[in-house]
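Biologist: I would like to learn how to read the contact between two chains in a model. Could we go through it step by step?

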Amino acid sequence: MFEARLVQGSLMKKFMEAIKDLVKEANWDCTGTGISLQAMDTSHVSLVSLLLRSDGFDPYRCDRNISLGINMESMAKIMKCASNDDVITIRSEDHPDNVTFVFESPNQEKVCDYEMKLMDIDSEHLGIPDTEYDAIISMPASEFQRICRDLSNIGDSVKITCNKDGVQFSAQGDTGIGKIALKQNAVIDKEDGQVSIELNDPVSLTFALRYLTFFTKATPLASTVTLSVSAKNPVAVEYRVDDIGYIRYYLAPKIEEEEEN
Amino acid sequence: MFEARLVQGSLMKKFMEAIKDLVKEANWDCTGTGISLQAMDTSHVSLVSLLLRSDGFDPYRCDRNISLGINMESMAKIMKCASNDDVITIRSEDHPDNVTFVFESPNQEKVCDYEMKLMDIDSEHLGIPDTEYDAIISMPASEFQRICRDLSNIGDSVKITCNKDGVQFSAQGDTGIGKIALKQNAVIDKEDGQVSIELNDPVSLTFALRYLTFFTKATPLASTVTLSVSAKNPVAVEYRVDDIGYIRYYLAPKIEEEEEN
Amino acid sequence: MFEARLVQGSLMKKFMEAIKDLVKEANWDCTGTGISLQAMDTSHVSLVSLLLRSDGFDPYRCDRNISLGINMESMAKIMKCASNDDVITIRSEDHPDNVTFVFESPNQEKVCDYEMKLMDIDSEHLGIPDTEYDAIISMPASEFQRICRDLSNIGDSVKITCNKDGVQFSAQGDTGIGKIALKQNAVIDKEDGQVSIELNDPVSLTFALRYLTFFTKATPLASTVTLSVSAKNPVAVEYRVDDIGYIRYYLAPKIEEEEEN
């Protein structure tokens with residue numbers, strides 16, 4: 001039997017919002033240590049990786065490792081039926097055909113029970129090697145979302161340039177050229193903390209805004225986002241969620257020629 | 001002459017919102033005791049019945065019984081022109097071709113005057129017999145609206161099952177199966193009161209969510225909705241509005257075979 | 001060199017919203033006294049005239065009169081990238097091919113820099129003669145917006161009738177006839193002041209609601225709007241913006257025959 005009860009059920013709703021537009025179907029792998037998901041987006045350009053540690057649930061029980069093959073659109077529809085203050089329990093048998101989501105109101109006087117058919121999904125777990133990054137940029141998640149949204153008005157790609165003074169995001173298109181510069185240690189927003197850059201090597205890399213914008217759907221999950229950038233590897237865009245885990249997105253940089261078009 | 005002045009004009013705006021998507025045209029029957037309306041929806045599946053008692057108006061004057069044949073879309077457009085704190089007066093002659101709606105701002109320094117052509121509408125007043133119901137369920141109107149909205153994500157129909165412990169709403173479709181259980185006396189929301197069930201006989205009946213969802217357009221009118229259910233009669237969905245009257249909707253249950261598809 | 005720094009940058013965002021749907025491209029004429037713009041709407045029916053006085057900027061520097069030929073859609077896209085509390089600087093060379101917009105966050109730790117190509121736009125500056133108006137109506141801008149919106153539900157044109165007692169706005173169409181009357185000195189809304197009418201001659205003139213509705217896009221700029229009406233001239237609809245200037249729209253009345261259709 002598998003059972004995982006999440007008191008702060010709204011987190012599960014937010015995790016769904018953070019992946020449903022990117023991934024159509026995926027396996028949720030449940031083991032003794034927690035629930036993880038790894039999937040390419042539908043156009044096989046970016047990768048999303050999710051971890052929910054078992055100690056974030058109460059209780060958490062997993063008698064046998066199982067893989068729940070889930071259609072994201074269906075699960076998203078069901079998650080929309082949970083209220084923000086509901087407690088959410090995920091439950092299945094050891095050899096499941098179905099998964100059950102239970103939503104309980106805080107006073108337990110309303111109980112919703114949704115049963116969903118599972119799918120067989122082929123997937124190979126990609127090993128993501130630990131990498132040395134040239135620069136690790138931490139910044140308020142809402143600011144990163146705003147920058148992606150603003151520069152999407154200007155062009156299709158964003159060039160991220162990082163040196164010891166700060167980070168610059170730039171885009172160009174028919175409208176013109178836009179450049180947004182954030183200083184190292186800039187306090188953009190008192191509540192969401194500041195910009196901080198851990199720099200090994202100055203970098204300047206270009207990424208498709210379309211995918212970064214998908215990634216920013218995770219903004220409600222965390223106050224801070226971390227961009228780990230290196231010339232030789234995909235950027236890792238990470239949102240850490242207190243007490244339970246993270247969602248990480250990976251996207252390869254565009255090659256330089258493309259950027260000039 | 002007919003004249004009815006409603007100090008809390010926003011109620012008239014809300015009554016319009018509660019019927020305009022269901023009914024295209026209808027007679028507003030004005031008599032000494034008040035204004036009433038009874039009409040089938042455009043596909044002749046459900047019935048809506050409205051009563052505004054004369055003592056809810058100040059003043060109310062009706063020299064001669066009249067029937068105002070009204071195009072709902074036109075009246076809804078006009079009602080949108082009233083501000084929420086306007087006083088609304090409805091006025092017509094004894095043999096009217098037109099009806100006039102007057103909207104006065106609280107300080108009477110802005111006066112809006114809308115004149116609308118009337119229509120000839122054939123209608124027979126259906127007698128709705130007083131019935132013994134198997135179960136009468138009272139619950140917060142916003143909770144009923146939420147349940148109809150959530151289960152519309154899952155299927156086309158809702159099965160309402162009621163026994164002495166509580167009431168269950170369930171739906172099924174391609175996504176899966178959803179069940180929402182409310183306990184007898186459950187306090188869903190402190191302000192909107194609790195769930196209470198008056199039970200003569202346990203019932204389990206299926207209704208088209210499409211129509212129930214139309215009915216929940218009346219939610220802003222009342223904090224509580226009452227579902228009067230019986231195996232042999234249409235369900236009556238009633239929103240009582242303090243000091244003036246009610247809006248009631250009637251919908252026949254689906255027959256059992258349909259429910260299995 | 002031209003440079004104009006506007007501390008309350010949100011004003012520039014609002015000015016853009018007030019013209020972008022009406023005018024496709026226009027010259028921003030920059031001189032020692034300030035920035036002005038005059039343009040016909042795309043269908044050459046109405047005229048918009050904008051003035052931003054140099055003393056509303058700090059600093060303001062204009063070494064040589066220049067005309068910045070700007071595509072409004074592009075500039076609007078860029079202005080959307082400014083936050084409401086940003087300081088906005090407009091900058092160009094003396095013989096510019098480009099204009100630069102700089103948005104600085106209040107603490108200057110985020111700096112956005114947008115460069116836009118300029119266009120060659122033919123335009124003749126129309127002299128708008130000083131006119132004697134029959135009536136000058138001042139009223140809360142939000143109230144005028146509301147009236148235009150409400151009467152657009154009823155008809156295509158509004159007849160504005162003004163005498164010493166007040167002003168009446170009326171429209172008619174398939175739905176019926178709507179009339180909105182405001183008394184002289186009416187206090188519609190405590191914060192936005194009152195209705196006041198300076199009357200030389202009673203007037204009754206009809207205007208296309210489509211254009212008046214475009215003009216009300218300027219509502220966020222000012223609490224009061226002034227309608228200067230005369231039988232022989234276009235109506236001037238003016239929004240004065242404290243400490244910097246105004247936006248004015250001109251629209252010719254419809255001739256009487258049209259009004260009857």
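**Reading the interface of chain B and chain C**

Modeller: Let us begin with a single pair, bearing in mind that this is a predicted model: Lys110(B) forms a salt bridge with Glu143(C), and their closest N and O atoms are 2.5 Å apart.

Biologist: How many salt bridges does the rule find across the interface of chain B and chain C?

Modeller: The rule finds 1 salt bridge across this interface, and it also finds 9 residue pairs in polar contact there.

Biologist: Which elements of chain B each supply at least two residues of the side that touches chain C?

Modeller: They are α2 (72–79) and β9 (110–117) of chain B, and β9(B) gives the largest share of that side, with 8 residues. Sorted by class, the side of chain B that touches chain C holds 7 nonpolar, 4 polar and 7 charged residues.

Biologist: With which strand of chain C does β9(B) pair, and in what sense?

Modeller: β9(B) pairs with β13 (residues 176–183) of chain C in the antiparallel sense, over 7 bridges; within this pairing, Tyr114(B) stands opposite Gly178(C) of β13(C).

Biologist: How is the size of an interface often given?

Modeller: In general, it is often given as the accessible area that is lost when the parts come together. Here chain B and chain C bury about 1,400 Å² between them, and 45% of this lies on carbon and sulfur atoms. In chain B, the residues that lose the most area to chain C are Glu109(B), Lys110(B) and Tyr114(B), which together make up 38% of what that side buries.

Terms used:
Residues numbered from 1 in each chain as written. Chains lettered and ligands numbered in written order. Predicted model: local features only at pLDDT ≥ 70, side-chain atom pairs only at ≥ 80, totals over all residues. Heavy atoms only, no water. Buried area = accessible area lost by both parts, 1.4 Å probe. Salt bridge = Lys/Arg side-chain N within 4 Å of Asp/Glu carboxyl O. Polar contact = N/O pair within 3.5 Å; in protein donor to acceptor, adjacent residues only side chain to side chain. Helix = DSSP H or I, 4+ residues; strand = E, 2+ residues; numbered from the N terminus. Nonpolar A, V, L, I, M, F, W, Y, C, P; charged D, E, K, R; others polar. Pairing = 2+ DSSP bridges.
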